[in-house]
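Subject: A structure for you to look at

Hello,

I am passing a structure on to you, and I hope you enjoy looking through it. Please have it open while you read the notes.

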Amino acid sequence: MLNPPKNAPHWHVLGLGSLGSLSAYYLLQSGFTVSVLPRAPTHLVARTLHFPLPHTAPLTLSLRADDQGIPITHLWLTVKAHDTALALRPWLPHLASNATIVCLQNGMGTLDDIALPADCDVIYASSTNGVWRDADQIHIAAENTTEIGNHSNTPPEWLSPLQQQFSGLHWNHNIDTARWQKLTVNAVINPLTALYQCRNGALLDGGERERAMEKLANEIDQLCTLIFGHSNWQADTLQRSLSIARQTARNTSSMLADRLAGRSTEIEFINGFLLRQAEKYDVVLPFNQSCVQRLQALNQLSQ
């Protein structure tokens, strides 16, 4: 663990699932102090996380729950997309007017209906890291690439020490493109793995499941071409989705994991987000609509 960087901010983490736990680990290893925000300010508890890291002895880090987090100046937001409003709203009165929020979530549109402070700086992150959680054991399966940014060419000062510990972390002033690239692949792989109840690689069956991938991808490319223009959208969603499915063949998608655990899925902020964009362009995406409706019905059954 490094010494605290000069003028280091104190970080609050909201959402201590697999990615949130991994983020807290990297922040602590970079020398920052970190507190965990519970889902409600009245339920403050300390958490201890165990990281059985490859090639090292197991590492245990204790995160304190902070009941003095006023104001919250730097927030790392990693709750599930559909839990964002419920989890974040109790903490809105504690946010500093110029707070920085790093939003590392699947899907898009999670902050659209939340009244953030006017001067709040929202920074988005898109990660392909592989991490899974078993109780308080955090297992890092793969450290790949995490792109983080907003529309500024200049990264914040706190990023440099974090990059020394956070493998594959890159500043991207055009983060919207990275987020759309990830969203469109997720919109092909996640709903189908949840509906077929299969791992990513099982979509590559040369038959019905691959045809379903093609239907989703073609509709998504139709929409994205309208949004970004022919010259700015390569219409390669199917190719990218097939490639990711091969690379992550043994993985269980987050949407399938939610369904198997009886939780609501993030379909509203993945394919549902695409449907809301399609309405703005008077475009119909029938196969995406069908997948959303089927998973919405399953969400209702799980509640």
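Below are some notes on a cavity and on one arginine.

This is a predicted model, in which local features need pLDDT of at least 70, side-chain atom pairs count only at pLDDT 80 or more, and totals for chains, interfaces and linings use all residues. Residues are numbered from 1 along each chain as its sequence is written, and side-chain values use heavy atoms, with hydrogens and water left out.

First, the cavity. A cavity here is a set of points on a 1 Å grid over the protein atoms alone where a 1.4 Å probe fits but cannot get out; points are joined across faces, edges and corners, and the volume is the space filled by probe spheres set on them. The count is 1 cavity of 30 Å³ or more, and the largest cavity holds about 120 Å³. Its lining (residues with an atom within 4 Å of a point) has 13 residues, and Gln 105, Asn 106, Gly 107, Met 108 and Arg 179 are the closest to the centre. Helix H4 (175-196) and strand S7 (121-127) each give at least two lining residues, with H4 supplying the largest share, 4 residues. Helices are DSSP runs of H or I with at least four residues, strands runs of E with at least two, numbered from the N terminus.

Next, Arg 240, which sits in helix H6 (residues 237-247). Arg 240 counts as buried because its relative accessibility is 16%, and buried means under 20% relative accessible area with a 1.4 Å probe, protein chains only. Leaving out residues up to four places away in sequence, Arg 240 touches Gln 181, Thr 184, Val 185 and Trp 233 (contact means heavy atoms within 4.5 Å).

Best wishes

How values were computed: 1 Å grid on protein atoms, 1.4 Å probe; cavity = no way out; pocket = protein on both sides within 12 Å on 5 of 7 lines; lining within 4 Å. Buried < 20%, exposed > 50% of the residue type's maximum accessible area, 1.4 Å probe, protein only.
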